[in-house]
Every structure is written in C-alpha cells, then in structure tokens.
Amino acid sequence: MDNLDYSLSRKKHMTQLQTDIAVIGAGPQALTLITHLLQKHKRTRERLSAGFSPGFQVFDPSGTWLAQWHRQFAAQEIPHLRSPAVHHPDCNPHSLRNFASGRGDELYDPYGRPGTELFRDFCETVIDRWHLRNQVTRAKVVGLLPLPRGFRLTLADGQTAIARRVVIATGSAIATIPDWAKQVSDYPPERLCHAQAVSLPKLPSLLGETVLIVGGGLTSAHLAVGALKRGARVLLMGRRTFKEKIFDADPGWLGPKYLKGFDAETDWKKRWQMIQQARNGGSFTPEALTRLRKFSAEGRVFLSEQCEVTRAVWQGKHWQVQCDNQAVHDCFAHQSIDRIWLATGTKLDIVGHPLLKELIEHYPIDVVHGLPVLDQHLRWPGCDLFLMGPWAALQVGPVARNLFGAKLACDRIVPALTKSSLSISHARLR
Ligand SMILES: Cc1cc2nc3c(=O)[nH]c(=O)nc-3n(C[C@H](O)[C@H](O)[C@H](O)COP(=O)(O)OP(=O)(O)OC[C@H]3O[C@@H](n4cnc5c(N)ncnc54)[C@H](O)[C@@H]3O)c2cc1C
C-alpha cells in the first residue's frame, strides 16, 4: 500500500470509527480504567495482545498516555509525587515498588513517594505490558450527542465516532481566577498568569525580579522553589493560615474508615460538605512548609498568611498590589512586583463542561455545587455515560481526583462495563 492509499484508508477508518467503549482523555484516570478493564476481561486482553481492535478507543489531543500529567510535573519541576508508591495506574499495588528495586533512592520518605522519573518509567512499562502503546487516538472530542443506542462523538477535525458507552476522564482544567485578577486589564500576559500557564523550564532567569505567588497549596511551594532557583525574591500569599498535611486528604478516605460513613450519607449536600472538610483547601507537605519557612528566615521568601489581594494595577514595568491584611498592607503597597502567579487551583462545574451541554438537555441531572449526582457505577442517570476523576467525588469521596480515586472509580465502573445485567442498554464487552 503506498502512502496515499494508507492515508485514505486511515481517513476512512477514522470517519467510520465505531467502538463499544470510548474513553475521553488519556491521563492517569483513563489508564487506570483500561488496566483494570483488561485485568477483568480476558477476551479484551487477548484481542489486544493479538493485535486486534480491543473494543475500546481512547481519545486525547496529545495522542499519548499521561501527556498532561508529565507536562504539569515538568512545568513545575516537581521532584516526586505527593502520593505513596502503592498509588499508580497498574492493578497490582506493589508493582511500582517491585519496579523500583535498585532505584530505592527514588522513593521518598515517608511512604516511599515515587520520584517523578521513576513514576514516568514505571508508567511506560505499564503501558507496554498491557499492549497500550498505540491505543490513544490523537483527537480532541468537541461534541457528545446521545443517540437512541449510544453516542456520537465529534472530533476537533470534524470527524465523528460512534460508541455504545462513553467514559469521561478529562480531569478538570478550568482555572480558578480571583475576582481582583479578572478586573485587571492592559498588562503583558506573562506578568499575571495562573499556575497552569507557568512553565519554569521556559523561564531561564528571574534574577532581580520579585514574584508574588498567590495560594496556599503545594503548587505554590513548587513555583516558589522554581522562582528562587532562578534568582527571584518570592512573596507567598495565602488567604488562610498555611497548613501542612502529608496528603491531600487523610488516608482514612482511601478505605472503609471514613468511606463507610460517607457511603451511608444519603444527603448529597452533606456528602459535598464532607468532601470540603476532608480536603480543607490547599495544604503543603510538612517538608515543603519547613523549606519555605527556612527560606523565609533567610529573607528569600516573604510568607504572608491570612491575606488576600484586593487590587492590582500594572504600572508599565511593575505591579502595585493592595491587600486586605493591615499588618502587611503597607509592605505590599511599597513592593514593586514583577510577576504574579495564581496557584489558586481549578474549579468544577459539570453544567459548564463543554462536552455535556446536549447530554444535560436529554438527560437532566441533579447537581450539587458543580458536581453531578451519578449512580453507584458513576453513570449519568439514564444512559451509559460514566465519569471519572473529580466528577465522581460525590460517590468516590475526597480522593476522587487523585491516583487512588481512579482505582476506587474502577471498582464501580468496570463491573458495569463488563456485566450486561448492570448496563442500561444491556451492553457488555464481548
Ligand atoms: C501538579 C499536580 C501534581 C499532582 N500530584 C499528584 C500526586 O502526587 N498524587 C495523586 O494522587 N494526585 C496528584 N495530582 C492530582 C491528580 O492525580 C492529577 O491531576 C491527575 O493528572 C488527574 O488525572 P486525570 O486523568 O483525571 O486528568 P489529566 O491528567 O488532566 O488527564 C486528562 C486528559 O484528558 C484530556 N482531555 C481533556 N479534554 C479532552 C477532550 N475534550 N477530548 C479528548 N481528551 C481530552 C487532556 O488532554 C488530558 O490528557 C496532581 C495534580 C497536579 C495538578
């Protein structure tokens, strides 16, 4: 087949793409889903290893697994994960530790948190071991239309795909921007940006600059360290007192200790409150906060707690910033700040999810503070659409968005994908 024939057949294949299960997104959540699906479903496993179409199709604009994950770790120069070595996309919790034999110095105490390179290398072996290297279609899904049986997915290049079942594993990428920042105008975009848009490796030197970082979570600590390394002075501002926690949420939320009570709660609003209390906003790991306090004692970082920006004005070369904490108000007013980075997290609003507008019209759903009320299999009521990651928090609990949350989500989704008795349309993997 010459090149032209090949591209035509590929195009034809793409335009007529039909699959049983479409997975939107190829991050850690999606990879965890696929490994758990393959573990549970021998026939799919066999078909995949024999080089046949496995019955699922994964879509991601990058065309590869974990692109967004690697991008964010590189952009913030994160040395190791926050979560322990037993949290990863493979089915056997011990497989990362086994893989790390001989690389013990890349497991960080406490709890053997894997180094970034170690985790990357391990995930590559997972992808190869499950024969998933070529299973991500390079495409952004821009539309999702429910059909009488299944869904039509529209891809960014205008092509379409038909799927009987769909799993949304897109994460949540909508940056939270404080009101004062929305009101600022006329400034160079690199001088005020959300953490998502900061790429430390692209900033070779910040010598002599002052960077204001807003936020009290681990991202602000990573960015502070990166700015200091490049010669900047850092002002780190948090609206609450800085907190230290090893993990985002207490490990009791990984199992029955807390999840039993969470599952027993039938009031979704109370569940939402339990999630807020468990995560309790951003926090630093103890070692990150100790490091920041040391930098503060050396005069390289100015830590400002219980403090919020009220106004920022770009003055041509610098920012002038006002804040609401009287104790440091004058101090900030007299600083000439070169850059402001917003480590203010992301927000969840299922109603605003770009893929779900049409679906919500066909299948209305209860929403609690932006989160959908899914069924116990993380399925959108009335159709075979499943959601993972942060969107599943009302069922999975406070760690839904984390690596372990993916495993908890699989315990719910995989049975519904593999058993026809649990499927709305009586579909199951053949
Ligand atoms: C800096 C950082 C560090 C973290 N560290 C940890 C940690 O150590 N341990 C832990 O447990 N958790 C951690 N988390 C939380 C969480 O595990 C990660 O955010 C993780 O990447 C979430 O996985 P995901 O698959 O839901 O989302 P993502 O990794 O964001 O992947 C989603 C994918 O979906 C794709 N996508 C989005 N929209 C579409 C579309 N319309 N069509 C097709 N594809 C689409 C995106 O391109 C992306 O590749 C961290 C989060 C951040 C931001």
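Reply: The model is predicted, and local features are described where pLDDT is at least 70, side-chain atom pairs count only at pLDDT 80 or more, and totals for chains, interfaces and linings use all residues. Residues are numbered from 1 along each chain as its sequence is written, and side-chain values use heavy atoms, with hydrogens and water left out.

Helices are DSSP runs of H or I with at least four residues, strands are runs of E with at least two, and both are numbered from the N terminus. Helix 15 covers residues 403–418, and its end C-alpha atoms are 22 Å apart, which agrees with the 22 Å that it should span at 1.5 Å a residue; the expected span is 1.5 Å times one less than the number of residues. The helix also bends by about 35 degrees at C410, where the bend is the angle between axes fitted to the seven residues ending there and the seven starting there.

L403 leads on to the ligand, because L403 lies within helix 15 (residues 403–418) and, with D60, R82, S83 and V141, comes nearest among the 28 residues around the ligand. A residue is near a molecule or strand if one of its heavy atoms lies within 4 Å of it. An oxygen atom of the ligand lies 3.3 Å from a polar backbone atom of P28, and an oxygen atom of the ligand is 3.0 Å from a backbone N or O atom of Q29; a polar contact is a pair of N or O atoms within 3.5 Å, and within protein one must be able to donate a hydrogen and the other to accept it, while residues adjacent in sequence count only if both atoms are side-chain atoms. Of the 970 Å² of accessible area that the ligand has on its own, the protein covers 82%, with areas from the Shrake-Rupley method and a 1.4 Å probe, and with only the protein chains shown counting as cover for residues. Helix 2 (28–40), strand 2 (56–60) and helix 4 (67–75) are the elements that give two or more residues to the shell around the ligand, and helix 4 gives the largest share, four residues.

N325 sits in the loop between strand 15 (319–323) and helix 12 (326–333), and because its relative accessible area is 16%, N325 is buried. Leaving out residues up to four places away in sequence, N325 touches E305, Q306 and C307, where contact means heavy atoms within 4.5 Å. A polar atom of the N325 side chain lies 3.4 Å from the backbone oxygen of E305, and one lies 3.2 Å from the backbone oxygen of Q306. Q306 itself is in the loop between strand 13 (301–304) and strand 14 (309–314), and its phi is near 50 degrees, a positive value in a residue other than glycine. H369, in the loop between strand 18 (367–368) and strand 19 (371–372), also has phi near 50 degrees, and H369 counts as exposed because its relative accessibility is 52%.

How values were computed
Buried means under 20% relative accessible area, exposed over 50%, partly exposed in between (1.4 Å probe, protein chains only).
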